[in-house]
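Me: I have a model open and would like to talk it through with you. Could you take a look with me?

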Amino acid sequence: MIAVHPPAAAAGGVDPGQHEWYRLAGRWHAAFALLDLLAAGLVAVDGELGAGRRVLGVALLAALAGWYAAVGAKRLRLPRSTGGWRYVAVAGGLATAAFAAAPPAGALLAVLFPHVWAMLPTRHAVAGTAGIVVALSGVLAALVKSHVMRIFDKLGVKDRTAAVTTAMARGILPPA
């Protein structure tokens, strides 16, 4: 059987068998830039964060944008089996660190996961995604613990039962 390709592929156009990521790479670059700017803006105006965490979060997002521009965007033009794990490892680390410093930075994860799948063979993409999710789970657990401890401090209590009882006594929570 003879494979028939449209004239556009023969004339140097987009190969119809090419993965969707590669056909839409320009849009993904724009999405990355927009989400990075959005995340940095959200971090910069987050009143819950101290100034140091805001600066660190924005700096990590800037580093991630630089890493993408220097390595990621170029890496996307290569076959999936050639070193995408380096980009994913550094980008995943930077994104996780940015999220740990400033949770609004998590907005950028919307484009990080497609990078993982575009740059790695499927079984490695599964492992890469799982690794990032595990790292983020650890960050989330620490954030929840930190927030719960701040609530305990504000209520002047030491445990959850005392927090609920105190909150109900003060009218913060409705009676059971």
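Me: In what order do the elements of the protein chain run from the N terminus on?
Reply: The order is α-α-α-α-α-α-α-α, with 8 helices and 0 strands in the protein chain, where helices are DSSP runs of H or I of at least four residues and strands are runs of E of at least two, numbered from the N terminus. This is a predicted model, in which local features need pLDDT of at least 70 and side-chain atom pairs count only at pLDDT 80 or more, while totals for chains, interfaces and linings use all residues. Residues are numbered from 1 along each chain as its sequence is written, and side-chain values use heavy atoms, with hydrogens and water left out.

Me: At what angle do H3 and H4 pack?
Reply: Helix H3 (residues 25-45) and helix H4 (residues 51-75) pack at about 170°, their axes lying 8 Å apart, with axes fitted as lines to C-alpha atoms over the stretch in contact and angles running from 0 to 180 degrees between N-to-C directions.

Me: Roughly parallel or antiparallel, then?
Reply: H3 and H4 are roughly antiparallel to each other, a label for angles over 145 degrees, whereas those under 35 count as roughly parallel, 65 to 115 as roughly perpendicular and the rest as oblique.

Me: New topic: is Ile172 buried or exposed?
Reply: Ile172, in the segment after helix H8 (160-169), counts as exposed because its relative accessibility is 54%; exposed means over 50% relative accessible area, buried under 20% and partly exposed in between, with a 1.4 Å probe and protein chains only.

Me: And Ser137, where is that?
Reply: Ser137 is in helix H7 (residues 122-155), and is partly exposed at 41%.
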